[in-house]
Amino acid sequence: GDRASSRIAASALIAAGSAQTLARNTHDYDLITRALIRIARQRARRDGLRRRLVHARQSALFDASLWAADWERWLITAVDVHVNTLDLQGQVEKRFHVITTGS
């Protein structure tokens, strides 16, 4: 899509193994909706879809704590690299330290 929210949603669907539910336009959306209604009416297919979604929910994609910890590590690394790069160029007189709470 042309918006960040569209790209994030598409990435989440792909990571969850549901790329077939991506809609590029209203026609696709209508086709996908009709297909999901057909699946909902067939118990075995519905249960299979439900199991796949439950399994996807247990992946790292939906682990907010892991995501936050990874993001924090990335920010710390980015600041360290930036500050150390400036320091090597003689542009920083003192070092900065990132202080975090928790583990």
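Here is a short briefing on the fold, the surface and the confidence of this protein.

This is a predicted model, in which local features need pLDDT of at least 70 and side-chain atom pairs count only at pLDDT 80 or more, while totals for chains, interfaces and linings use all residues. Residues are numbered from 1 along each chain as its sequence is written, and side-chain values use heavy atoms, with hydrogens and water left out.

**Fold**
- The protein has four helices and zero strands, taken from DSSP runs (H or I of at least four residues for helices, E of at least two for strands) and numbered from the N terminus.
- Along the sequence, the pattern reads α-α-α-α.
- Of the contacts in the protein with a separation of 6 or more, 32% join residues 24 or more positions apart; a contact means heavy atoms within 4.5 Å.

**Surface**
- The accessible surface is about 8,900 Å², with 58% of it belonging to carbon and sulfur atoms; areas come from the Shrake-Rupley method with a 1.4 Å probe, and for residues only the protein chains shown count as cover.
- Buried residues make up 7% of the 103 residues, where buried means under 20% relative accessible area, exposed over 50%, and partly exposed in between.

**A closer look at Trp67**
- Trp67 sits in helix α4, which covers residues 64-88.
- Trp67 is exposed, at a relative accessible area of 57%.

**Confidence**
- The mean pLDDT is 80, and 81% of residues reach 70 or more; pLDDT is the predictor's confidence in each residue, from 0 to 100.
- Confidence is highest in helix α2 (residues 26-40), at 92, and lowest in α4, at a mean of 81.

Notes:
Buried means under 20% relative accessible area, exposed over 50%, partly exposed in between (1.4 Å probe, protein chains only).
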